[in-house]
Amino acid sequence: MNDCLIFSGSANTALSASIAGYLEKDLGKMGRNRFSDGEISIAIEENVRGKDVFVVQSTSPPVNENLMELLIMIDAFRRASAERITAVIPYFGYARQDRKDKPRVPITAKLVANLLTASGVNRVITMDLHAPQIQGFFDIPVDHLFAAPVTTAYFQNKGISDLVVVAPDVGSVKMARAFAKKMRADLAIVDKRRDGPDEVEVVNLIGNVRNKTAILVDDLISTGGTIVEAVDVLKKNGAIAVYASCTHGVLCGDAIAKIKNAPLEELIITDTIPLPPEKKLPVIKVLSVAEMLGEAIKRIHLSSSVSSLFI
Ligand code: R5P
């Protein structure tokens, strides 16, 4: 692994350090500064010529800062003659605008893919994309990883009986179905209609949750509206306990207040996005995906199979 170098952006240095720890490596040395007008200044402080460089950066809030920093870092590696540059983007932001769902709107997921490619990145590793087809927005290899082996193992250890896995909206059905299969549980679906970007209206529940323990499964929790509304529906329909498992804890707006007041046994998130101390609640449990990302990096560097991680 000598020719493999791991660098970290500033979005999630703890996760980067854990990935480097798993690979028994130190993080690459990089100077990071600001010009007086706020522009980002980067300087790579070690030789990367001919190296296989992995740069870890979630495009989580502050999204624009973190995205721009990632692009600038990639540009620096390319100009420093790295042999191959892989962007490790545990949380891929701007993914929810993945199609024109009304006239005159952008497709930001495609725009970000274009920006990354233009910056000179050769490969992308990401996790639980909002829509798996975003992989096709790139014409470079994308390794799309899943947090499910980590999250399902957590729930399997709890030994819950009479379990039902619930998709909190139609968009999450595929993810919830895979989760349910792994847990050997039934599947239910909350049919959610959204009137505005941050408005949630739940209209229907498909499936039976009565006298069962439910696990809501989603790619991300942002304002918490989707999950909290779904918890309410499940309780009203007779679920005895409700857990939620969301890979990316964006947790913005009044998400924390909503979660605090919801009859939720536990909210499981992963460390793709750091959870600051002021957002920590006893009900929120963070699982680490560092080993999975580290193992994927190792396998890519050694040209071995990544998909076999998920069999
Ligand atoms: C929606 O399609 C996503 O999978 C999430 O359900 C949604 O983005 C979560 O947002 P919020 O927590 O703001 O309801």
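This is a predicted model: local features need pLDDT of at least 70, side-chain atom pairs count only at pLDDT 80 or more; totals for chains, interfaces and linings use all residues.

Trainee: What does the domain assignment give for the chain?

Mentor: The assignment gives domain 1 (4-146 + 290-310) and domain 2 (148-287).

Trainee: And how many Å apart are the C-alpha centres of domain 1 and domain 2?

Mentor: Those C-alpha centres are separated by 27 Å. As for contacts, 17 residues of domain 1 touch 14 residues of domain 2.

Trainee: Which residues line the largest cavity?

Mentor: The lining consists of Tyr91, Phe92, Ala95, Met127, Asp128, Leu129, His130, Asp219, Leu220 and His248. By class, six of the lining residues are nonpolar, two polar and two charged.

Trainee: Where does the largest cavity lie relative to domain 1 and domain 2?

Mentor: The largest cavity lies between them, because domain 1 and domain 2 both give residues to its lining.

Trainee: Asp128 is in that lining. What is its phi?

Mentor: Asp128 has a positive phi, about 40°, and it is not a glycine. Most residues other than glycine have a negative phi. Asp128 sits in the loop between strand 6 (123-127) and strand 7 (142-145).

Trainee: Is Asp128 buried or exposed?

Mentor: Asp128 is buried, at a relative accessible area of 7%. Compare Asp162, which also has a positive phi, about 50°, without being a glycine. Asp162 is in the loop between helix 4 (148-158) and strand 8 (163-167). Asp162 counts as exposed because its relative accessibility is 54%, and the cut-off for exposed is over 50%.

Trainee: Back to the spaces. How much space lies in the second largest pocket?

Mentor: The second largest pocket holds about 170 Å³. It is lined by 14 residues, and the closest to its centre are Ser60, Pro61, Ile273, Pro274 and Pro276.

Trainee: What classes of residue make up the lining of the second largest pocket?

Mentor: Nine of the lining residues are nonpolar, four are polar and one is charged. Domain 1 and domain 2 each supply at least three residues to the lining of this pocket.

Trainee: You mentioned Pro61. What kind of peptide bond joins Pro61 and Pro62?

Mentor: The bond between Pro61 and Pro62 is cis, with omega about -5°. Most peptide bonds are trans. Pro62 is in the loop between strand 4 and helix 2.

Trainee: Changing topic. How many residues has the largest nonpolar core?

Mentor: It has 34 residues, and those with the most contacts inside it are Phe77, Phe92 and Leu116. Two or more residues each come from strand 1 (4-8), strand 3 (40-44), strand 4 (52-56), helix 2 (63-79), strand 5 (84-89) and helix 3 (108-119). Helix 2 gives the largest share of this core, seven residues.

Trainee: What does Leu116 touch, not counting residues up to four places away in sequence?

Mentor: Leu116 touches Leu70, Leu71, Ile74, Ile89, Phe92, Val121 and Phe138. There is also a second, separate core of 30 residues, which includes Val242, Ala244, Leu275 and Ile284.

Trainee: What is Leu23 in contact with, leaving aside its neighbours within four places in sequence?

Mentor: Leu23 is in contact with Met1, Ile6, Gly294, Ile297 and Lys298. From Leu23 to Ile6 is 17 residues in sequence and 9.3 Å in space, C-alpha to C-alpha.

Trainee: And Ser222, buried or exposed?

Mentor: Ser222 is buried because its relative accessible area is 11%, where buried means under 20%. Ser222 is placed in the loop between strand 11 (213-221) and helix 6 (225-236). Not counting residues up to four places away in sequence, Ser222 touches Arg96, Val250, Leu251, Cys252 and Ala255.

Note on methods. Residues are numbered from 1 along each chain as its sequence is written. Side-chain values use heavy atoms; hydrogens and water are left out. Helices (H or I, at least four residues) and strands (E, at least two) are DSSP runs, numbered from the N terminus. Buried means under 20% relative accessible area, exposed over 50%, partly exposed in between (1.4 Å probe, protein chains only). Contact means heavy atoms within 4.5 Å. On a 1 Å grid over the protein atoms alone, a cavity is a set of points where a 1.4 Å probe fits but cannot get out, and a pocket is an open set with protein on both sides within 12 Å along at least five of seven lines; lining residues have an atom within 4 Å of a point. Ala, Val, Leu, Ile, Met, Phe, Trp, Tyr, Cys and Pro count as nonpolar, Asp, Glu, Lys and Arg as charged, and the others, Gly among them, as polar. Domain bounds come from an automatic or database domain assignment. A nonpolar core is a set of buried Ala, Val, Leu, Ile, Met, Phe, Trp, Tyr and Cys residues joined through side-chain atoms within 4.5 Å. Grid points are joined across faces, edges and corners, and a volume is the space filled by probe spheres set on the points.
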